[in-house]
Amino acid sequence: MDDHCTNCAGRLPAGSARYLCEACEYQLHTWLREIPRHLPLLADSLQPDTGPAQRGGSGRAHSPLPVRVEVLNLLGPGHAVPLDDPHGDQSAGVPIAPLLYGWALYLATELPSARRDEHGTVRIEPCTGPVARAGSSIAAWCSWLDAYLPYAVTRQWSADMYSQIEDLLRRIRHITNTRPRRRPMQAPCPSCSAFALVTVDDQLHISCEACAARLTSDEYDEHRAQVMPVLAAIALRMITPQKAAA
Ligand SMILES: [Zn+2]
Ligand SMILES: [Zn+2]
């Protein structure tokens, strides 16, 4: 197996069974927890905002649709599609529920299932389908996929799952007008010295927007502890009036 993440090309530990790196798995994990939080906002966005009634004007030739089509395309029914045809005839993209269920079904068919037959012999067979104990809601399938992520990242198709869920969340955030919180960090980048390090809610690492360097929070804390006292001393010298030589 290649020792690079099939999604972001980040290096994987030697001999790893993964196809997705820890950082990409973390993003999928946060996205699957984020999707259900958008549902009330999506439901509220279903009805078009017709605005105040207007008098006069030329009027419309047709009545407006009673729902926003782009929201219906997310919340409505649909069907999962094969990997090589991710959008199929659903040109606006696969709705949330069938996309999540489709991936759960795909994952389940690769999972071995153990059962005892009538003679008490353990039989290992392919799983016939996923069962979400919390029901069949969008939140339940998000939770199901989240629980099986450690297995999913060891499958060759995991980068396809990543990109489809990323695209789904991009469509959702476009409607709910939200984006992950991004906070600039105090210390400069250890690789390029630019003050461009940021932490973003759905990312495992602190990353540099100038050179794409990535640091864990422990690495950043250690770097900050080394560099900030030096920078503070330089800044202090620059603002302190120098005494004239005697
Ligand atoms: Zn990755
Ligand atoms: Zn940098």
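User: Which two strands form a hairpin with 5 residues between them?
Analyst: Strand 4 and strand 5 do. Bear in mind that this is a predicted model.

User: How many bridges join strand 4 to strand 5, and which way do they run?
Analyst: There are 2 bridges, and the two strands run antiparallel. Val-198 stands opposite Ser-207 of strand 5.

User: What sheet do the strands form?
Analyst: An open sheet of 4 strands, in the order 3-4-5-6. The pairing is antiparallel.

User: Which strands stand at the edges?
Analyst: Strand 3 (182-184) and strand 6 (214-215). Each has a single partner strand, so one side of each is left without a neighbour in the sheet.

User: How many bridges join strand 3 to strand 4?
Analyst: 3 bridges, antiparallel again. Pro-184 has Val-198 as its bridge partner in strand 4.

User: And strand 5 to strand 6, how many bridges there?
Analyst: 2 bridges join them, and they run antiparallel. Strand 5 covers residues 206-208. Ser-207 stands opposite Arg-214 in strand 6.

User: Which way do the side chains of strand 4 point?
Analyst: Leu-197 and Thr-199 point one way, Val-198 and Val-200 the other. In a regular strand, side chains alternate between the two faces of the sheet.

User: Are those four buried or exposed?
Analyst: All are buried.

User: Metals now. What are the protein donors of the zinc ion (ligand 2)?
Analyst: The SG atoms of Cys-189, Cys-192, Cys-208 and Cys-211, lying 2.3 Å from the zinc ion. Their spacing along the chain is C-x2-C-x15-C-x2-C.

User: Where do Cys-192 and Cys-208 lie?
Analyst: Cys-192 lies in the loop between strand 3 and strand 4, and Cys-208 lies in strand 5. The pair therefore ties together parts that are 16 residues apart in sequence.

User: What is the arrangement at the site of ligand 2?
Analyst: Tetrahedral, with angles of 107 to 115° among the 4 donor atoms. The ideal angle for four tetrahedral donors is 109.5 degrees.

User: Which is buried and which is partly exposed, Cys-192 or Cys-208?
Analyst: Cys-192 is partly exposed, because its relative accessible area is 31%. Cys-208 counts as buried at 4% relative accessibility. Cys-189 is buried as well, at 2%.

User: What about the zinc ion (ligand 1), which are its protein donors?
Analyst: Cys-5, Cys-8, Cys-21 and Cys-24, through their SG atoms. They lie 2.3 Å from the zinc ion. The spacing along the chain is C-x2-C-x12-C-x2-C.

User: Which parts does the pair of Cys-8 and Cys-24 tie together?
Analyst: Cys-8 lies in the segment before helix 1 (22-45), and Cys-24 lies in helix 1. So the pair ties together parts that are 16 residues apart in sequence.

User: Why is the arrangement around ligand 1 tetrahedral?
Analyst: Because the 4 donor atoms around this zinc ion subtend angles of 104 to 116°.

User: Buried or exposed, those cysteines?
Analyst: Cys-24 is buried at 3% relative accessible area. Cys-5 counts as buried too, at 4%. Cys-8 is partly exposed at 33%.

User: How many disulfides?
Analyst: The count is 0, taking sulfur pairs within 2.5 Å as the rule.

User: Last topic, helix 6. What should its 19 residues span?
Analyst: 27 Å, at 1.5 Å a residue. The end C-alpha atoms of helix 6 (residues 158-176) are 27 Å apart, which agrees.

User: What comes just after helix 6?
Analyst: Asn-177, which takes a positive phi of about 55°.

Definitions and conventions:
Residues numbered from 1 in each chain as written. Chains lettered and ligands numbered in written order. Predicted model: local features only at pLDDT ≥ 70, side-chain atom pairs only at ≥ 80, totals over all residues. Heavy atoms only, no water. Donors = N, O, S within 2.8 Å, 3.2 Å for Na, K, Ca; no water. Tetrahedral: all angles 85-135°; square planar, octahedral: opposite > 155°, others 65-115°. Buried < 20%, exposed > 50% of the residue type's maximum accessible area, 1.4 Å probe, protein only. Pairing = 2+ DSSP bridges. Expected span 1.5 Å × (residues − 1).
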